[in-house]
Amino acid sequence: EQNTENGKADLVAMVCLKEVCTTEFCVSKCCPENEVFNQIDNQCAPMIKNGYLWTYDGKFHDQNLNLIPEEKMNHVKVEYDHSFMFNQKNYKNRIPSCDQVIILDKSNNDSFHLLQNGSLHHQDYGVTKNYCVDNSLNLAGNLVEIALKCVISKRGTDSTNEKMMKNLPHSCIE
């Protein structure tokens, strides 16, 4: 419980979210291996055709949005992380700075780039670590590259989750 300014007490529950990419050349991938994101039901689903799997080839950029050449990637081990979808599935509406999840779709001219530090750059909106990327079957059944990204829908105000977190000591131990 936490006392509020008006003398009433609020019950507060803490959740420990899985941490998203923390190393260079880490990709926050939406779905596990051999699965793609299905936009009809917003779930990961088994791949139905060869060639549908998302790969990082030719997709990493430096902080200046310059594509990192393939020859520099030959000896780099890319790590895949699935924490974004885990957190969304298990803790939806409890994630700070995430009032809603939007779908960025390259076939709809959304421009986004994977950065070598594990972040996603969304053109005109900046950088986030609160995202995942994958191939997807869109509503028309076409294969497209998408990113799911958390956004704050109310500009200039703290989300309920952020208000709860501001003055509370917290620790997550695995």
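This is a predicted model: local features need pLDDT of at least 70, side-chain atom pairs count only at pLDDT 80 or more; totals for chains, interfaces and linings use all residues.
View 1. Of the 174 residues in the chain, 37% are buried, and the chain exposes about 11,100 Å², of which carbon and sulfur atoms supply 47%. Among the contacts in the chain with a separation of 6 or more, 63% are accounted for by residues 24 or more positions apart.

**View 2. An open sheet of 5 strands.** The strands of this sheet follow the order β5-β4-β12-β13-β8, and their pairing is mixed. Because β5 (43-46) and β8 (100-105) stand at the edges and each has a single partner strand, one side of each is left without a neighbour in the sheet. From one strand to the next, the twist averages 50°.

**View 3. Strand β4 beside strand β12.** Strands β4 (residues 35-38) and β12 (residues 131-137) run parallel and are joined by 2 bridges. In general, the strands of a sheet pair through backbone hydrogen bonds, and they may do so in either a parallel or an antiparallel way.

**View 4. The hairpin of β4 and β5.** Strand β4 is also joined to β5, and here the two strands run antiparallel, with 4 bridges between them. In β5, P46 is the bridge partner of E35. The hairpin that β4 and β5 form has 4 residues between the strands, and N42 in the turn has a positive phi of about 55°.

**View 5. The partners of β9.** Strand β6 (residues 60-61) pairs with β9 in the parallel sense over 2 bridges, and the bridge partner of H61 in β9 is L115. Strand β10 (residues 120-122), by contrast, runs antiparallel to β9 and is joined to it by 3 bridges, with H122 in β10 as the bridge partner of F112. The hairpin of β9 and β10 has 4 residues between the strands, and within this hairpin G118 takes a positive phi near 90°.

Technical notes
Residues are numbered from 1 along each chain as its sequence is written. Side-chain values use heavy atoms; hydrogens and water are left out. Two strands pair if DSSP finds at least two bridges between them. Axes are lines fitted to C-alpha atoms, for helices over the stretch in contact, and angles run from 0 to 180 degrees between N-to-C directions. Buried means under 20% relative accessible area, exposed over 50%, partly exposed in between (1.4 Å probe, protein chains only). Contact means heavy atoms within 4.5 Å. Accessible areas come from the Shrake-Rupley method with a 1.4 Å probe; for residues, only the protein chains shown count as cover.
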